[in-house]
Structure formats: C-alpha cells, structure tokens
Amino acid sequence: MRDLQLSLNQTQRVRLQVALQQLQDLASQAAASSSVTIADTIPVNNEDGILKGHGTSELDGQVVATLCGVVERVNKLVYVRALRARYKPEVGDIIVGRVIEIAFKRWRLEINFSQDAVLMLSSMNLPDGIQRRRTAVDELNMRSIFEENDVICAEVRGFQHDGSLHLQARSQKYGKLERGQLLTVPAYLVKRRKQHFHHLEQYGVDLILGCNGFVWVGEHLKTGEHDMLDDQERRPEISKSNKIDDEEQEWTFTPLEVRHHICRIANAVRLLSALGFILTVEAIIDTTEAGFSSNIEIKDMLGPEFYVQIVEREVQRRISLLRKKG
Amino acid sequence: MEYVNPLTGFRLDGRRPNEMRQIRGEIGVVAKADGSALFEMGNTKVIAAVYGPREVQNKGQQINNRALVRCEYSMANFSTGDRRRRPKGDRRSTEISLVIRQTMEACILTHLLPHSQIDIFVQVLQADGGTRSACINAATLALADAGIPMRDIVTSCSAGYLCSTPLLDLNYIEDSAGGPDVTVGMLAKMDKVTLLQMDAKLPMDIFENVMQLAIEGCKAVAHYIREVLLEHTKQLECHRGA
Amino acid sequence: MLQSKSFVKKTKQGRVVKVVREHYLRDDIYCGALSCKVCDTSAARLTSSASTILIVDTNVVLHQIDLLENPAIDDVVVLSVVLEEVRNKNLSVYNRVKALCTNSLRKFFVFSNEHHRDTYVKEMVGESPNDRNDRAIRVAARWYQSHLGGSTQVLLITNDRENKRKAIEEGLSAETVESYVKSLGQPNLLDLVSLPTSEDVGMEEVEDLRPSKRKVIYNEHKPMSEITSGLLRGIYHQGKLRVNRYNPFEAYVGSESIGDEIVIHGRANMNRAFDGDIVAVELLPQDQWHEEKSSIIADDEDDEEEDVHLVPSSADDAPRNTNLVQPAAASTASTSSRPAGRVVGIIKRNWHSYCGSLEPMPMPAGNGGIAHALFVSKDRRFPKIRIQTRQLENLLDKRIVVAVDSWDCLSRYPSGHYVRTIGKIGDRDTESEVLLIENDINSRPFSAQVLACLPHLPWTLSSEVLANPNRQDLRHLRVFSVDPPGCKDIDDALHCTSLPNGNFEVGVHIADVTNFVLPGTPLDEEASQRGTSVYLVERRIDMLPKPLTEDICSLRSDVERLAFSVIWEMTSEAEIISTRYTKSVIKSCAALSYVEAQARMDDSRLMDSLTTDLRNLNSLAKVMRHRRIERGALTLASAEVKFQIDTETHDPLDIGMYQIREANQMIEEFMLAANVSVAEKILKHFPLCSLLRRHPTPTKEMLEPLLRTAAAIGLDLDISSSKALADSLDHAVGDDPYFNKLIRILATRCMTQAVYFCSGDLSPSEYHHYGLAAPLYTHFTSPIRRYADVIVHRLLAAALGIAKLPPIFMDGLQLTSIADNLNYRHRNAQMASRASVELHTLIYFRKRPTDTEARIVKIKSNGFIVFIPKFGIEGPVYLMPRGDKGGDWVVDEVHQKVMRTGTNISYGILQTVRIHMEVVEPQPNRPKLELTLT
C-alpha cells in the first residue's frame with residue numbers, strides 16, 4: 001500500500017490476498033457502489049431535472065464525471081464524491097492545522113486545502129477570555145499566542161468574498177495543541193460526525209479527527225488546565241520566577257505510559273490510513289486494543305504480521321456487520 | 001536497415017507495425033505526493049508525482065481565476081545505457097516540460113481551483129523511446145489520483161514512419177533511425193487532439209495515416225488508463241467501507 | 001497476444017554499454033503449411049501435398065543458394081534466425097533468398113522462429129552464438145515435426161556435422177545437402193552443389209586433387225580479432241579492393257586512414273582477395289614500393305596481355321595510370337611514390353557469380369563422369385575458378401555462369417560450382433547476354449504489374465488534361481524535333497519564334513514522362529532500378545516499356561503530345577531575358593534527322609518558316625556555344641563509331657566514325673541550356689534534395705599521361721583551369737588534321753565521368769561541372785531513357801507547385817542511394833555499349849582482315865599501343881615475340897620513343913603507322929583481334 005513498505009513472507013502474502021479478496025466481495029455484496037472515473041458518463045434521468053454537483057460537467061447533453069470517485073445522489077443533486085483528493089472545507093468543519101505564517105492581524109494555516117486558511121486575530125478568543133477590541137498590543141503579541149509551526153485546532157468559519165478561507169477558534173476546546181503527534185491521512189478517510197474531539201479515558205489520551213485529514217493524538221488535558229496553560233503563556237515571567245511546584249512538574253512531563261499510548265494510537269491511525277480503512281474512533285480503539293491483546297510491540301504495529309491481522313479483523317467486523325443487517 | 005522485416009512483417013522486437021509495446025500503469029507510488037503514478041511503455045518507465053492544488057508559492061505568479069499549473073521533466077542519470085550526469089533545465093527537458101504542461105493544462109479544469117498551484121513532476125527512470133508519451137500518460141494518472149478535476153483523460157502515443165510503413169509506438173532503436181516521429185496527445189472521450197508534434201517532413205497523406213495510427217494508439221492507452229483508474233477507485237472505495 | 005522478454009546485450013561503441021531490448025514472443029505466427037488445421041493458412045506458402053518440408057541451416061543458404069534457386073528444390077522453410085545470420089554474413093545472398101521467399105512461384109516460407117512463443121531459444125551460459133542459433137534451428141524443426149504431425153516429414157538440411165549429429169540424437173531427420181540432392185535422383189543438380197569447406201561434413205569422394213601441389217601458396221589470413229586491433233592501432237588499413245581492369249595482377253585499395261590508394265602487386269600480395277572485397281591491408285616497407293614483376297605468381301600461365309579494345313572515353317574506362325610505360329626501367333628510382341601493401345585479411349567478401357568459359361582441356365577418363373575443370377572469367381579481374389562438373393563435354397564450348405565457394409591458402413585458385421549455361425561461345429546472342437550479365441543489366445521483359453501501369457492504347461489527348469490550368473496549350477506553336485535517323489524515342493523538341501521587339505522566344509519541349517510514370521508505382525520502381533536505357537549495337541534495352549518510349553511519350557510529328565517546356569525569351573545575342581517553365585501540350589510539325597536539318601539549313605533556296613526557325617536557332621546556338629567555350633568549357637572528343645547492321649542477320653556490315661554536324665551541336669546547345677536553367681530552378685526551391693550532375697575537376701595526377709605525351713612531342717599544355725586547358729587544346733594544332741582531335745581524345749580519357757549527386761550531400765562549391773564550365777548542371781532533357789531526368793521532372797513540377805514532391809525526396813539517404821544507383825547503372829550501360837561495340841568489331845573483322853592506318857598512343861617495353869581512328873579501337877602491337885624479354889628495343893622515356901638498338905628504326909608517340917588487323921584463334925573458341933605492323 002501507499003504509505004508502508006512491508007516485506008511480507010509467503011503465508012502472510014496469501015493471507016493478505018485472501019482477506020483483500022473477501023473485502024472486495026463484501027463490498028460488492030453490500031451495495032453496487034457506482035464508481036466512476038474521469039470522463040465516464042453518469043446515467044441520469046433527465047426528465048426529473050437534475051442538479052449537477054461537484055465533480056460533474058456536461059458534455060453533449062450527458063453528465064460526465066470530472067473526477068474519479070463514487071456517484072452520490074441526493075434528491076435531484078448528482079455529484080461525484082472524490083476519493084483521494086485534497087480537503088474540501090465546509091462551514092463548521094473541525095480541522096487541525098499548522099501555522100505557516102503570521103501576517104497582519106492573522107495567522108496562515110496549512111490545512112491540506114488548495115490554499116492556506118486564515119485565522120484572524122479577531123476570530124480568536126483572547127487568552128484572558130475578555131470580549132474587547134483587539135489593540136495594537138494584541139497584534140504585537142500574536143506570536144505569544146501561536147507561533148510558526150504550532151499545531152492548532154479550529155473550526156471553518158467560511159469563505160470570504162475574495163475566495164480565502166477563514167477559520168475561527170472562539171471556544172475553549174479550540175486552540176494550540178501540544179504534547180502529542182500530528183498525523184496526516186487522506187481527508188476522505190475522516191467522516192464528518194457530531195463529535196470530532198475524543199477523550200480516550202482508558203489511555204488518558206485526546207484524539208482529534210480533523211475533517212481535513214489531520215489527526216491529533218495527544219495527552220489529555222482538562223479544560224481547566226487549558227486555562228492554566230493560557231495563564232502561563234500569558235505570564236511566562238511569573239512561571240519562570242516561581243519555583244516549579246508539584247502540580248506543574250506532573251504536567252510538564254507526560255508520563256511514559258501516556259506517551260506509549262499516544263504512540264500506539266498514532267500507529268493504529270497510521271496503519272488504518274495505510275490500509276485505506278475509514279478512521280472512526282471505534283476503529284482506532286479497536287485496532288489499539290488488538291495491539292494490546294496480541295501483545296504487539298509499538299514498533300511492530302507497523303510490521304507485516306499486525307498489518308495482515310488488522311485486515312482480517314476488518315473482514316470479520318464487516319461480515320458481522322452485514323449479518324446484523326441481514 | 002530493415003526496421004520492418006519485409007518477409008515476416010515483424011519489427012525488430014517482434015511487434016507488428018500497428019502494435020504497441022506492453023503498457024502498465026500503477027497508481028500511488030509516492031507516499032508524500034497528492035497523486036502519483038508509474039507508467040511503463042515497454043522498457044520506457046516514467047514516474048510522475050503531483051502536488052496540489054496548493055497555495056501558490058510565488059505570490060507573483062498567482063492567477064486569480066484559475067489554478068497555476070507547473071511541470072518539471074527530468075531524466076534520471078541511470079535512465080539510459082550510459083550513465084550520464086544530466087544538467088537540470090537543458091533545452092530538451094525545458095521543451096518537454098513545456099509540452100507536458102500545456103497538454104495537461106488543456107484538460108485540467110483550472111477554473112475550479114482559483115488561487116492555487118498544481119505541480120507535476122515527471123522523471124524518466126528508464127528511457128527506451130517514447131518518453132514524451134509515457135510522461136503524459138503518467139501525468140494523467142497522477143493527476144487523476146490527486147483528485148484534480150479534469151475535462152477528460154489525456155493520453156499520448158507516438159507513431160513513426162520507417163521503411164515506408166507507419167509504425168506505432170517507436171522504441172529507442174526505431175526512434176534513433178532518424179525517421180519522422182509523430183507524437184499525438186488527445187482527449188480520448190472528446191476525440192480532440194491537444195498535442196501534435198513532429199520534427200521532420202512528411203507528405204500530407206502519409207502524415208495523416210501516421211497520425212491516425214498514433215490516435216488509435218492513444219485510444220488504446222486511454223482504454224487501459226481508465227481500467228487502471230476504475231480498478232483503483234473501486235479498491236479505495238471498498239477498503240474505506242461504509 | 002504479447003509476451004515480453006527482455007534480454008541484456010553488450011555492444012561495443014568505444015565503451016561497453018548495456019543494451020536492454022524488448023523481445024516479444026507471440027502465439028500468432030503460423031507454420032505456413034496449407035494442410036495445417038490449426039494455423040491461419042491465408043499466408044501459407046507450402047503445398048498441402050508436400051510429404052517433406054525442408055528446413056535449411058544457415059551454411060546451406062550461404063553456400064548453396066544456387067541450388068536453392070533451382071526450381072527442383074521447393075517446400076522450404078527459412079527460419080528468421082537463418083535469415084538474420086545470412087544477412088550479417090553476406091548481403092547479396094540475403095537479397096537472393098529474399099527474392100526467393102517473395103517469389104510467388106516458389107514455395108519458400110519464412111518462419112519467425114525468434115518471435116514464436118514455442119521456438120524462442122534463450123542463450124545458455126557458455127554457449128556460443130553459433131551453437132545457440134543451431135539449437136534454435138533444431139528447436140524450430142522439432143516444433144514443425146510435432147506441429148504437423150505424422151503426415152509430413154520435416155527434414156533438416158545441414159552441412160554442419162555437429163548440428164546434424166545433435167539433430168539425429170534429438171530424433172529429427174537430418175541430411176547433408178549432397179545426400180539430399182542425391183536422393184532426388186537428378187544428377188545435374190549435383191553440379192550446383194558447392195563443395196563443402198573443410199570444417200563442414202566432408203565428402204569422402206573428394207580427395208585431394210593435386211597431392212603434389214599440396215603446399216601453402218598464400219599466407220594465412222589473420223584472425224578477425226587481430227585485424228580489428230590492427231586497424232585500431234593503424235598497422236592495417238581497411239578498404240575496398242579494386243583490381244585493375246587491364247592488369248589483374250595489380251589492385252588498389254582506397255584507404256581512408258592514409259587518404260591515398262594503396263597499390264597491391266601480384267596475386268600473392270592480394271592474398272585471395274577478389275575485386276570488390278573489403279580487405280585489411282598491411283603496408284610494405286618503402287623500399288618495396290615498386291612493381292614486383294618477378295614475384296607475380298602464375299604469370300607463366302596468365303601472361304599479362306593487352307586485348308584490342310575500344311578506345312576509352314574517360315579515365316574511368318581507361319587503364320589506370322600506372323607505370324606501364326616503364327616496366328623496363330623499373331629498377332630506376334623513378335618508381336611510384338604510392339604506397340604498396342599486401343592483404344592480410346578479408347573483412348567482407350564480395351563473391352557473386354561470374355560469366356566465362358572453361359579452359360580447354362581433354363575429356364578425363366573414368367572418374368564417374370566427374371571432371372575438374374578450370375573456369376576463366378570473361379572479366380579479367382577475376383582469377384580462374386576450379387569447378388567440378390559431370391557434364392564437361394557439354395560445357396567446353398559454352399559460356400557458363402559459375403559461383404565461388406571457397407579459396408583456401410593451399411590452392412592456387414578458388415573453387416566454385418557451376419550455376420548455369422548461357423550459350424555457345426562466340427555466338428552473338430550468347431556474347432551479348434554475357435555482357436549484359438557482366439554489367440548487371442536487367443534485360444528481362446517488363447512484368448505484368450509494370451505493364452498494368454501503362455495507360456490504355458491508343459492514347460489520345462483527353463479534355464480533362466487540357467482543362468488542367470497547369471497545362472498550357474502550345475499546339476499552335478511550330479514545334480519540331482531533330483534526332484538521329486531512325487530515332488523512335490524522341491524526347492525533345494524545339495520551337496523558335498521571332499518576337500515583335502526583335503527578340504526570340506525559344507522553347508525546349510521535353511516529353512512529359514512523369515505524367516505517365518507516377519511515383520511509387522511498380523512502373524516507377526522498375527524504371528528507377530534500371531536507371532537508364534542501354535544502347536547496344538543491335539538492340540536497345542529500354543528503361544520504360546515500349547508503348548511509352550515509342551508512342552505515348554515520344555514527341556512524334558503531327559500528333560498531340562504532353563510536354564514539359566522550358567521557354568526563354570532571348571535577344572539575338574542569345575542573352576536570356578526571361579525563363580519560364582510549364583507543362584504543355586504540343587503538336588510537333590516535323591521530326592527531322594540531323595542530316596535533314598543540316599541539309600535544310602545549308603540549302604539556301606529553302607525559305608520556308610521551318611527552315612528559318614532552324615537557321616535562327618542555329619545562329620543563337622553558335623553564340624551560346626561560343627560563349628560557353630569562352631567560359632572555359634572543354635570541347636572534348638571521343639571516337640564514336642557507327643555500325644551498319646544487316647537487318648536480317650544482325651551482323652555488322654560496315655563500321656565507321658560517327659560524324660558530328662552543326663545540327664547536332666545546335667540541339668546539344670539548347671539541351672545544355674535547358675538543363676542549366678532547370679538545375680538553377682530546382683536548386684533554388686530544394687537546396688537539400690535536388691538531383692544534380694557534377695563533373696569533378698581532374699587532379700594533376702590524372703592529367704599526367706596527357707602531359708607526358710604532350711611533352712614528348714613538344715607541346716605545352718596549361719592545365720591550371722578548364723579555360724586554360726581548353727585554350728591550349730585549341731592551340732595544339734599539329735601538321736596533320738587529325739592531330740588536334742587525337743590530343744582531345746587523349747585529354748578526354750584523363751578525366752573522370754560526370755556523376756549524379758544529391759545537392760544535400762555536398763557543398764555548393766562542389767556542384768561545379770568542369771567539362772561544361774557550368775556552376776550547376778542536371779539532366780532534364782531525356783526522361784524517356786534516363787531515370788535521373790524523371791526525378792528532375794518531378795522536382796521541377798514540385799518547384800512550380802504543380803505536383804506534390806514525392807516522399808522519397810524527404811529522405812536524403814534514399815535520394816543519395818538513388819543517385820548512386822543511377823551512376824552505377826549509367827556506367828554499366830556505357831560499359832555494356834562499349835563491350836557490344838567491341839563484340840561487333842570482332843565479328844566484323846572475323847571475315848575481313850584489313851590493313852589500315854593507326855596512331856601510336858602509348859609506348860611499351862615490347863611494343864606500343866596504337867589507336868585506329870577509323871574504327872575507334874586501340875590495341876597493342878608487339879615488336880618482338882612474347883616472353884622475349886631482353887630484346888634489342890630500347891624505350892626512350894623522355895621522348896616517348898622505342899628504338900631498335902643499332903638501327904635508326906624507331907617509333908614515337910602519335911606517329912602514324914600502318915597495321916594489319918586480323919582475327920586469330922590462338923585457342924579454340926577464343927577468337928581475338930590481332931594487330932601487326934605491315
């Protein structure tokens with residue numbers, strides 16, 4: 001597969017082939033998915049008066065795909081859902097991004113979109129939480145909030161009239177992400193759901209599945225601690241002058257166990273994305289659990305054996321899913 | 001030199017005049033790229049990687065109503081029999097870069113991607129004639145893989161004229177025979193030619209025959225490329241699951 | 001359908017590079033047997049009834065091609081691996097096999113075993129390419145056997161002992177050529193079988209022919225590896241061996257590495273090389289760079305002798321510029337400074353088949369009717385060839401064709417085999433055919449495909465031709481032609497009208513052959529192959545079929561004909577004011593002969609318009625001619641002879657010099673002008689792909705014999721430029737009227753011939769035509785009999801935008817090869833005409849011993865060469881019997897004289913002598929013309 005270089009041995013290869021074949025069979029059983037490639041004609045009933053959506057165009061009176069993907073029909077709307085494409089933002093999407101540049105009253109973020117996203121200083125809740133006009137001092141202190149290469153979680157606010165994409169972070173749950181790993185996966189593997197922030201209590205880990213395919217796995221922080229972090233950011237001189245107390249000590253160093261967990265979950269995400277399986281919190285937990293139960297070392301989670309195991313596991317899962325339905 | 005055996009009608013490598021070499025396409029060979037593909041036409045092997053649509057790097061080049069397409073063609077040092085350092089940006093590669101860029105630009109729906117930039121990198125891993133065509137075919141696959149909206153699939157194939165016979169898909173020996181070499185790039189479904197190159201003189205009627213042969217070749221390549229793409233899309237979809 | 005297999009190959013291009021090539025194996029290659037039920041039989045060649053299918057080995061094709069060409073051998077499968085090997089080893093054999101395989105009458109099938117899925121053989125480690133190919137042949141044979149099943153026997157024919165053994169071990173049936181031919185039961189076929197060389201299967205009955213002479217006569221050839229390294233290091237020089245046409249013991253190798261010709265003296269130094277072979281030569285030390293007369297082997301048998309022959313018309317035909325004049329003085333330091341060498345190896349053989357006859361010999365007793373005979377080629381450049389025959393009594397008085405098989409260093413002569421009989425020696429038809437074969441002239445009737453390209457007869461001018469806007473209707477003009485009497489293929493006509501402003505409109509109208517000979521048709525192919533019509537004394541071999549040459553294209557009088565016209569407006573001073581070119585329709589009002597035209601002009605009583613035109617043209621021509629000579633054009637002379645032929649027996653009745661009249665010169669002048677105008681036009685439009693004709697400036701060495709002769713008689717010739725030469729030739733007036741012409745003839749033979757070339761191949765300064773003193777020249781005026789003119793017509797039409805340029809002009813290489821072929825054909829045609837004249841001269845003098853006057857043109861040690869102006873021939877006159885070396889005749893080198901010591905009898909160059917001519921037959925069936933002093 002795309003991201004992993006695996007050297008499978010003979011039996012593993014056979015197992016993998018069988019499993020992948022089963023997957024294919026299952027998929028074709030489940031639904032005749034209507035995959036199209038570029039320039040394929042999409043059969044439509046013209047009398048109904050259809051609306052051509054994304055990934056379609058008209059050629060000689062026929063609806064033709066301009067992307068490779070799956071044809072989706074919603075009432076009159078016909079569009080092609082692209083697989084393997086860059087992220088396409090929708091208002092309200094929760095995304096994870098990385099600061100590229102600090103510009104006039106704004107941060108620029110890389111979010112796997114065709115352009116960089118903009119986070120205005122005015123779309124930020126100030127650290128002190130007070131609603132007020134941003135002053136020149138605030139502008140000068142922007143770097144104390146987010147620096148270049150910081151990873152940030154935010155929400156899509158919408159497109160401005162000039163075509164640029166704006167974000168907002170007017171909530172406690174948004175903001176800088178620290179002490180964890182950022183993973184990039186194909187955006188189509190993350191489904192839009194109600195919940196994108198997950199606190200995996202059993203591991204003490206936060207998981208943010210950004211709609212743009214950026215996944216954050218990091219140490220869990222209580223919202224209260226967020227404030228404290230902000231306090232510290234705001235008054236670095238204080239934290240420097242004060243002696244580091246016990247609580248701070250505990251906070252500064254992420255426990256080894258949690259770090260292990262972060263790595264395990266991150267590897268689970270990597271594995272699933274390499275396999276092209278959809279990234280749901282359940283699947284991630286399931287994979288991580290599978291790693292625990294078969295006593296696999298963290299590094300071996302990306303090895304051939306576990307890889308094949310996960311495929312087989314997925315097959316089983318889908319079979320049982322199908323049974324339930326049936 | 002008999003490039004077509006007058007007695008058996010076979011070419012030097014055992015093909016008939018209207019036969020293409022074996023072609024093979026593989027999608028997803030560069031992990032970091034948004035889209036990538038490997039394309040082989042016989043011993044000619046080309047890798048293509050597409051980055052984008054992404055933020056325009058040089059703001060001065062940004063186009064407000066459509067995407068900026070850039071292309072870079074290069075030949076690996078080891079791509080030919082004798083290992084040679086190939087300086088970047090020589091005449092030939094600049095020209096081929098331009099040709100590929102123009103061909104691909106004609107099929108990308110650039111107006112859907114304003115303020116952005118698409119980078120296409122193609123590298124010849126092994127050269128055995130027809131690298132131009134192979135590069136275009138690889139770039140098409142890579143663009144499709146990157147999910148960039150396109151009007152149609154662009155495919156390319158060359159044809160030549162040696163021993164008074166139009167020959168499809170010249171390999172290196174045939175290419176270096178010095179005869180005319182017609183490279184055609186076309187939008188397969190729309191039946192439109194977007195690239196036509198020849199650096200020799202050929203009478204009109206013969207030229208039309210040779211070009212027709214190249215067009216047939218393009219259609220065959222298009223057929224194969226669609227198969228590869230569909231296969232790949234289906235696989236992605238089925239892996240992703242519900 | 002496609003299966004690919006890549007293999008790695010190493011090639012040498014200075015350095016070693018790895019070449020990876022694809023090799024597709026297929027399953028759609030068919031066996032070619034009509035009876036086959038599995039395969040597609042649409043292209044099958046092998047008969048269904050055949051019980052045996054032959055598969056031939058490479059060496060069989062290479063050595064037994066004459067046998068394969070015999071219709072008795074059929075149902076042969078030629079494997080592509082065999083074809084490939086044959087092509088690499090011998091291109092001419094390859095072409096013959098190719099012709100066999102494409103001949104629809106023969107059942108030869110080419111099987112692409114190298115691309116067949118089941119018969120492809122991969123080279124094994126440690127296996128030589130030869131072994132691999134042999135194995136491939138066996139694999140293919142086995143495939144055939146299993147493919148065709150029991151109904152057909154597959155027989156592998158090989159002369160390779162090892163291959164045969166392995167084939168039999170593998171359960172294949174294999175035979176040698178000899179045993180197979182024997183099993184056919186046709187004894188005369190056995191003559192066609194060439195003798196196996198030592199490394200092949202030996203035939204027991206071939207024992208040593210002359211055990212006593214079993215000694216090494218020639219040096220071993222160096223192995224190929226040594227030759228290549230020697231070439232690289234510059235010790236050896238590579239080049240094509242050219243044997244002196246007049247002295248078979250002397251040869252030249254044009255070497256690029258030393259930029260000069262290397263002379264090779266004697267058969268021992270030639271070391272078994274034939275004329276045309278590509279050889280590697282080692283230079284001899286400089287002190288041996290003289291002629292080694294004494295070391296010539298076999299000069300007891302083949303005495304170097306001069307035959308009576310036609311006067312050479314250019315340096316190409318004449319004996320090479322060697323030191324023949326001074327062999328007696330060979331010991332002096334005046335030996336040539338040209339490097340001499342000896343052949344150390346032969347890189348590529350140029351063996352083909354040769355025409356000639358058997359050396360007279362008594363019938364051998366017994367020996368099962370097999371006789372060993374020596375074959376003497378008619379062309380003296382080739383050595384005698386040993387052959388084996390079972391039909392000796394039939395062949396002794398015949399002209400036969402023989403092919404060479406081998407020449408090992410133990411035998412004095414190469415060995416070969418009989419190919420076919422042409423006819424009886426001395427018979428005119430036989431000898432004519434011999435000279436055609438010798439000069440590679442195709443005299444076969446035109447094939448049906450070619451004839452199918454002709455328009456329907458009777459051809460008439462159609463209205464659509466007239467409606468063509470590119471064709472101008474010139475039928476109203478008073479056009480006429482002037483040609484030799486009896487000329488049927490009239491390709492040029494003229495007109496001349498006075499314009500009101502005092503100028504003249506002069507038109508040259510050339511038969512529009514390209515209107516009928518369309519590019520790419522079989523007719524065109526055939527014409528381009530033949531290149532030119534060949535004129536023999538008694539017949540003409542046409543380049544184009546008769547209906548075209550004598551009717552449709554011929555600009556006969558009172559019929560409407562298509563023409564390509566060049567029309568000038570000229571002042572009365574023959575200055576060209578404007579030139580235009582057009583396709584046209586003309587109607588000639590008179591087809592005159594030169595004599596008639598001359599008579600009209602001379603007859604002052606005639607004042608009709610046609611005669612006025614003639615006179616106008618003539619006065620213009622005189623001005624043009626004068627101007628041309630002013631420019632430095634050479635008036636060269638050749639001693640052309642004319643025969644009167646008996647209409648019934650075709651035997652020559654009379655012989656005489658060809659007379660040149662003013663009318664001839666008039667026509668010639670306008671043709672030259674037309675050619676020059678056309679050359680300018682086409683070169684302007686197609687600077688890279690025009691076909692032009694050039695005449696290289698002769699080098700000093702080439703003119704040396706002329707200068708020496710001139711010096712001997714106190715004449716000073718200035719050769720610094722063509723103008724200077726022309727002037728000094730004009731001033732060379734001797735005491736007798738023929739003197740000037742003689743000098744001109746001598747000058748002519750020093751020059752090389754003009755040649756066709758493609759303008760892209762040379763730089764413009766090299767386009768020059770020396771003889772005509774014209775910067776550009778081409779041939780436009782005789783498209784009926786010369787293919788070059790056809791090409792020029794097409795170029796001109798394309799330049800005018802009337803027609804498209806045919807695709808071959810795009811291909812520089814192809815155009816060059818056409819030009820080369822034209823030169824070759826042109827030269828051969830001339831050689832054939834000359835040979836024909838020589839033959840008829842011989843026939844003429846057979847019954848008429850004659851006394852006549854002759855001029856001495858060359859002094860030799862034992863006599864001199866005389867030229868007989870009346871008959872245009874030249875030959876040796878011996879002052880002493882042959883072999884008598886000492887003699888009391890002394891050659892005076894400076895004054896070019898031979899003197900008898902003690903007396904005042906001497907013969908000097910250009911002196912007139914009376915001689916007696918008679919045909920003698922020193923050996924049966926070998927008549928020759930002998931000249932003696934009366």
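**Close-up views of a predicted model**

**View 1. Trp107(A) and the strands around Leu119(A).** The bridge partner of Trp107(A) in strand E10 of chain A is Leu119(A). The model is predicted: local features need pLDDT of at least 70, side-chain atom pairs count only at pLDDT 80 or more, and totals for chains, interfaces and linings use all residues. Residues are numbered from 1 along each chain as its sequence is written, while chains are lettered from A and ligands numbered from 1 in the order in which they are written. Strand E9 (residues 106-110) and strand E10 (residues 117-124) of chain A pair in the antiparallel sense over four bridges; two strands pair if DSSP finds at least two bridges between them. Helices (H or I, at least four residues) and strands (E, at least two) are DSSP runs, numbered from the N terminus. Six residues lie between E9(A) and E10(A) in this hairpin, and Asn112(A) in the turn has a positive phi of about 65 degrees. E10(A) is also joined by four bridges to strand E12 (residues 165-169) of chain A, and these two run parallel. In E12(A), Leu167(A) stands opposite Leu119(A).

**View 2. The side of chain B that touches chain A.** The contact takes 34 residues from chain A and 33 residues from chain B; two residues are in contact if their C-beta atoms, placed from the backbone, lie within 7 Å. On chain B, strand E3 (44-55), helix H2 (131-145) and helix H4 (204-240) each supply at least two residues of this side. H4(B) gives the largest share, ten residues. By type, the residues of the side of chain B that touches chain A divide into eleven charged (Asp, Glu, Lys and Arg), 15 nonpolar (Ala, Val, Leu, Ile, Met, Phe, Trp, Tyr, Cys and Pro) and seven polar (the others, Gly among them).

**View 3. Helix H5 of chain C.** The 20 residues of helix H5 (residues 129-148) should span 28 Å at 1.5 Å a residue, and the end C-alpha atoms are 28 Å apart, which agrees. The expected span is 1.5 Å times one less than the number of residues. Among the buried residues of H5(C) are Asn133(C), Asp134(C), Ile137(C), Arg138(C) and Tyr144(C). A residue is buried if 20 or more other C-beta atoms, placed from the backbone, lie within 10 Å of its own, exposed if 12 or fewer, and partly exposed in between. Just after H5(C), Gly149(C) takes a positive phi of about 75 degrees.

**View 4. Ser759(C) in its loop.** Ser759(C) lies between strand E30 (755-758) and helix H23 (787-799) of chain C. Ser759(C) counts as buried because it has 26 C-beta neighbours inside 10 Å. Leaving aside neighbours within four places in sequence, its contacts include Leu683(C), Cys689(C) and Tyr767(C).
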